[in-house]
Amino acid sequence: MFVDEAAIDVVAGKGGDGCSSFRREKYVPRGGPDGGDGGKGGDVIIRANQNVASLLQLANQRVWKAQNGEQGGSSQCHGKNGRDLVIDVPVGTMVFDLNHDLLLKDLKENEDSFIVARGGFGGKGNMRFKSATMRSPTIAQPGEKGQSRSIRLELRMIADVGLVGFPNAGKSTLLSRLTKAKPKIANYPFTTMTPHLGLAQIGPDRGFVIADIPGLIEGASEGVGLGHDFLRHIQRAGVILHLVEPAPIDGTDPISNYKAIRRELENFDEELGKRLEIVAVTKNDLPQGVEVQKRFKDELGIDAFLISAVTGYGLKALVDKIDQILKPKPRW
């Protein structure tokens, strides 16, 4: 199950109480105070982990608590600090303060982390209060309460290329052909119910990441269909690869379908309307393919690629174009 949004409450650990005690040993008169300090409460840390794919674990648990610090002991023993709670999330997760809708951190790189709630400090034991005028203090401080916060986590996939198009345009087939991703493929709309990532390797140390954004239909930016749930995942993509089916099974016009998707992207985020785009007409084995490619040039002034993810026709030219635009750099 793919989950890309979750709201949780995080509670840092309470600091341990300081200890009030006195040294009592045979032949040691007036031993004096020896109560130790309490341990610090554990922090709650959010950490990006490239091995985590979704926020599913967070959707099943609302409250996440770090460990409390232990109480100080006699003989000047310091209480043990509470363990930090580390919550691993996918790379690309944005953390918001739920009450103020304020972005706290954008975890864009693997191992990026930050403390979302700090544990309380331990209280001081009575040995800390000994002075020339107070030889036998009995007071000890209680531990501080840890911070608590309600947060919202939103996953936005990090990809070089965002793959868009109407359902059944061939996105999943192209993704499986260029990468090792294994999305569900069938000859009917909405076979893809979740975004998929795949790495297209074009050299021993070069490649680019493709994200298949499912469910885009007209009205997606207003909540129609599945696309509204996944539009956020295209916001980080450097290039939009727009696939157009030359002969839609519902009889709609390919050019009109292209314009409809463009409107949805612009309505969702104006910046997406300015993003660099590559258009590819799929299923070149269909007789309408060449005609639709020509229409893009004549009606919209767009030099569309003509490809087939099944036979491999035109894929090398398409990949070379993406490679040229992205100016790829070593990724590992």
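**Cores, sheet and helix packing**

The largest nonpolar core comprises 23 residues, and those with the most contacts inside it are Val-10, Ile-46, Leu-58, Ile-87 and Leu-153. A nonpolar core is here a set of buried Ala, Val, Leu, Ile, Met, Phe, Trp, Tyr and Cys residues joined through side-chain atoms within 4.5 Å. Buried means under 20% relative accessible area, exposed over 50%, and partly exposed in between (1.4 Å probe, protein chains only). The model is predicted: local features need pLDDT of at least 70, side-chain atom pairs count only at pLDDT 80 or more, and totals for chains, interfaces and linings use all residues. Residues are numbered from 1 along each chain as its sequence is written, and side-chain values use heavy atoms, with hydrogens and water left out.

At least two residues of this core come from each of strand 1 (5–11), strand 2 (44–48), strand 4 (85–89), strand 7 (113–117) and strand 8 (148–155). Helices (H or I, at least four residues) and strands (E, at least two) are DSSP runs, numbered from the N terminus. Ile-87 touches Ile-8, Val-10, Val-44, Ile-45, Ile-46, Arg-47, Leu-58 and Trp-64, residues up to four places away in sequence not being counted. Contact means heavy atoms within 4.5 Å. Another core, of 20 residues, lies apart from it; Leu-178, Ile-307, Leu-318 and Val-319 are among its members.

Six strands form an open sheet in the order 10-11-9-12-13-14, with mixed pairing. Two strands pair if DSSP finds at least two bridges between them. Strand 10 (196–203) and strand 14 are the edge strands, each pairing on one side only. Strands 12 and 13 run parallel and are joined by five bridges. Ile-240 stands opposite Glu-277 in strand 13.

Two helices on this sheet were examined. Helix 2 (residues 171–178) touches strand 9 (161–164), strand 10, strand 11 (206–212) and strand 12, and its direction makes about 160 degrees with that of strand 11. Helix 6 touches strand 12, strand 13 and strand 14, at about 150 degrees to the direction of strand 13. Axes are lines fitted to C-alpha atoms, for helices over the stretch in contact; angles run from 0 to 180 degrees between N-to-C directions.

The buried residues of helix 6 are Gly-289, Val-292 and Phe-296. They fall within an arc of 65 degrees seen down the helix axis, so they line one face. The arc is that of the directions from the helix axis to the C-beta atoms. Gly-301, with a positive phi near 70 degrees, follows helix 6.
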